[in-house]
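Grab a viewer and work through these exercises. Each one gives a task, then a step-by-step solution.

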Amino acid sequence: MEMPRTLPDEVTIYTVGELKPLCQGWLTQTADEPGSQDATWALDAHAVGQADAAGVQLMLALDKSLAGMQRRLQLLNPSNVLSEACASLGLADWLAERTVKGDPA
């Protein structure tokens, strides 16, 4: 598995403007990677201390973009804050399907 990228402490409406280009950079880098046998794309979400609908929407867009590249988003150890934000938006199942707890290696 490739090294996970890491979400910052704040994934909110106040930071998506900064996070979107970062995510686009990750996607560009992923598209340029030689064909990987592992179709998962790891994103470390343990440090998220603030999350809202805009932040979750950005992750949904990232997930959709990765699906278009035949890659699957994998969230490593999502924080309780991120889990609660997803649950409040009716996305608990979406998060659960993409969650890996513990050491991914």
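Here, a residue is called buried when its relative accessible area is under 20%. Keep in mind that this is a predicted model.

**Exercise 1.** Work out the fold's element order and how much of the chain is buried.

*Solution.* Start by counting: the protein has four helices and six strands. Next, read them off from the N terminus, which gives β-β-α-β-β-α-β-α-α-β. Then apply the burial cut-off: 37% of the 105 residues are buried. Last, look at sequence separation: of the contacts between residues at least 6 apart, 81% link residues at least 24 apart.

**Exercise 2.** Find which strands E3 pairs with, and decide whether its faces are covered or open.

*Solution.* Take strand E1 (residues 5-6) to begin with: two bridges tie it to E3, and the two run parallel. Within that pairing, Arg 5 sits opposite Leu 43. Now turn to E5, which runs parallel to E3 and is joined to it by five bridges; here Thr 40 has Arg 72 as its bridge partner. Finally, check the faces. Thr 40, Ala 42 and Asp 44 lie on one side, Trp 41 and Leu 43 on the other, and all are buried.

**Exercise 3.** Identify the residues with the most contacts inside the largest nonpolar core.

*Solution.* The core holds 24 residues, and the answer is Leu 43 and Trp 94. Elements giving it two or more residues include helix H1 (16-32), strand E3 (40-44) and helix H4 (92-98).

Methods. Residues are numbered from 1 along each chain as its sequence is written. This is a predicted model: local features need pLDDT of at least 70, side-chain atom pairs count only at pLDDT 80 or more; totals for chains, interfaces and linings use all residues. Side-chain values use heavy atoms; hydrogens and water are left out. Buried means under 20% relative accessible area, exposed over 50%, partly exposed in between (1.4 Å probe, protein chains only). Contact means heavy atoms within 4.5 Å. A nonpolar core is a set of buried Ala, Val, Leu, Ile, Met, Phe, Trp, Tyr and Cys residues joined through side-chain atoms within 4.5 Å. Two strands pair if DSSP finds at least two bridges between them.
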